[in-house]
Amino acid sequence: MKLNVDALRHLSKDDFRVLTAVEMGMRNHEIVPSELIDRIASLRHGGTYKVLKNLLKHKLLHHDSSKYDGFRLTYLGYDFLAIKTMVNRGVITAVGRQIGVGKESDIFEVASEDGTVLAMKLHRLGRVSFRAVKSKRDYLRHRSNYNWLYLSRLAALKEFAFMKALEEHGFPVPKAIDCNRHCVVMSLVQGYPLVQVKQLQNPEIVVETIIGLVVRLAEHGLIHCDFNEFNIMIDDDEKVTMIDFPQMVSVSHRNAQMYFDRDVECIFKFFRKRFNLSLQEQIDNADGSDADTNETGRPSLSSISKSAGFLDKELAASGFTRKDQDDIEKFIEGAAEIDSGSDREETEDEEHISELKENNFKHLDSLCLLEQEQSSKSDVDSVMEKQPCCEADVENELETHHETSHKEEGDQIVHENDGELTMRLNKQRRRAIAAARGGRRSVTSRNSYKDKGSKSSQNSKIQKQLSGW
């Protein structure tokens, strides 16, 4: 969508208030209902629907009534909100011509209050030319639901953070000035994209500088992932400047080797085709850092050490986050504690086993008594499991069992001469008999039938038949 800022001068405060209300409603609505917009905007004398009609005329909103009556922001409306915020902050005062178009963004010239010409980059994810954002970029991370405006905002925040950090570490990047929503304002690079350059005075020095930047980024823990002739600016003095940073990842990323080799291959391929350079010799880094190269003269990621810094950790680059680093440190500390703790546990177990052995020898007699008591209990339980048909049978069986067990145990008592054991067994026997008598009800035989007094009862007929037999 073409950015036409002429309508920006004719919008009132109520218009921007309604635009902001729609933006707030889109946090949890794909299409914001009209009633919700009216409640969020809270205009004094109403008029929200009149303002919505004006915004629709300028294509700042999109109306959708398929499921319910609602509105959503367009990229043009999102542009107006970001530009209005930049104007209120005093960062820019005018918007000029468009100087660049990409698959993910548009770049415009803007002017500050003192007349300095700056560059304004508006991220526009979701274009037909590039919609595989979920698989090609890591803006979403753990999120599953998203819209293109929110993804554009995440990309702008990420690029601003990387640009600011690289500038502080002396990398040739544009100066980051401000960021709001999907808009990033930076200094304007006085140069041309490398893809537009047909001739170079010293192509060997330029390619050494570019490869040196790739190696230097890796030493700081970062990989550009899109380092090609379209994202390299060069001026008349053949000074190189890097641009476009939202897709940068850490050297700890699982695909870091592939991304690093792809960046190097893009540079070698371009200079081989455009300037007929056979880059087979070893390339020394222009920034003073040395890196081992393979047989084709290309630097290897495995030979580069992160000696210059840990920008990937500071910026939480994809593939290396603060949470992962904390988890690794906790795991290492926990493993050391487990090793020392296991030694202590082994000594404690040995002491505990020796104490148990001593106690076992001391209390051997008591264990024998307990085994004899359990055997007596099992005998009583076996008698109760027989379930006799009447209470008299129960008593008879218990008495006979009492006599036999008394004889056997008497012999054992005489043999062992243990009076205390005899007292315990007699006490346990009395408790078992009392429990058997008081705890069980009298059980009648199923074959006995009683006449309830009725002449025609079935029980009396059956009883007469049985008596006849």
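Predicted model: local features only at pLDDT ≥ 70, side-chain atom pairs only at ≥ 80, totals over all residues.
Biologist: Which residue pairs with Asp106?

Modeller: Arg124 does, with 2.8 Å between the closest N and O atoms. The pair links distant parts of the chain, 18 residues apart: Asp106 is in strand S5 (residues 105-111), and Arg124 is in the loop between strand S6 (117-123) and helix H5 (133-136). Helices (H or I, at least four residues) and strands (E, at least two) are DSSP runs, numbered from the N terminus.

Biologist: Is Asp106 buried or exposed?

Modeller: Buried, at 3% relative accessibility. Arg124 also counts as buried, at 3%. Buried means under 20% relative accessible area, exposed over 50%, and partly exposed in between (1.4 Å probe, protein chains only).

Biologist: And what does Lys121 bridge to?

Modeller: Glu159, with the closest N and O atoms 3.0 Å apart. Lys121 sits in strand S6 and Glu159 in helix H6 (residues 148-168), 38 residues apart, so this pair too links distant parts of the chain. Lys121 is buried at 7% relative accessible area, and Glu159 is buried at 1%. As for shared partners, salt bridges join Asp79, Asp106 and Arg124 into one network.

Biologist: Switching to helix H3, which residues are buried there?

Modeller: In H3 (residues 48-57), Thr48, Val51, Leu52 and Leu55 are buried. Seen down the helix axis, they fall within an arc of 105°, so they line one face of H3. The arc is taken from the directions from the helix axis to the C-beta atoms.

Biologist: Why would residues a few places apart point the same way?

Modeller: An α-helix has 3.6 residues a turn, so residues three or four places apart point the same way.

Biologist: What is on the face turned away from the buried side of H3?

Modeller: The exposed residues Lys50, Lys53 and Lys57.

Biologist: What covers the buried residues of H3?

Modeller: The cover includes helix H1 (13-25), helix H2 (34-41), strand S2 (61-64) and strand S3 (70-73). Contact means heavy atoms within 4.5 Å.

Biologist: What is the strand order in the open sheet of three strands?

Modeller: The order is S9-S11-S12, with antiparallel pairing. Two strands pair if DSSP finds at least two bridges between them. Strand S9 (192-193) and strand S12 (240-242) stand at the edges with a single partner strand each, so one side of each has no neighbour in the sheet.

Biologist: Where does Pro193 find its bridge partner?

Modeller: In S11, where the partner is Met233. S9 and strand S11 (residues 232-234) pair over two bridges.

Key
Residues numbered from 1 in each chain as written. Heavy atoms only, no water. Salt bridge = Lys/Arg side-chain N within 4 Å of Asp/Glu carboxyl O.
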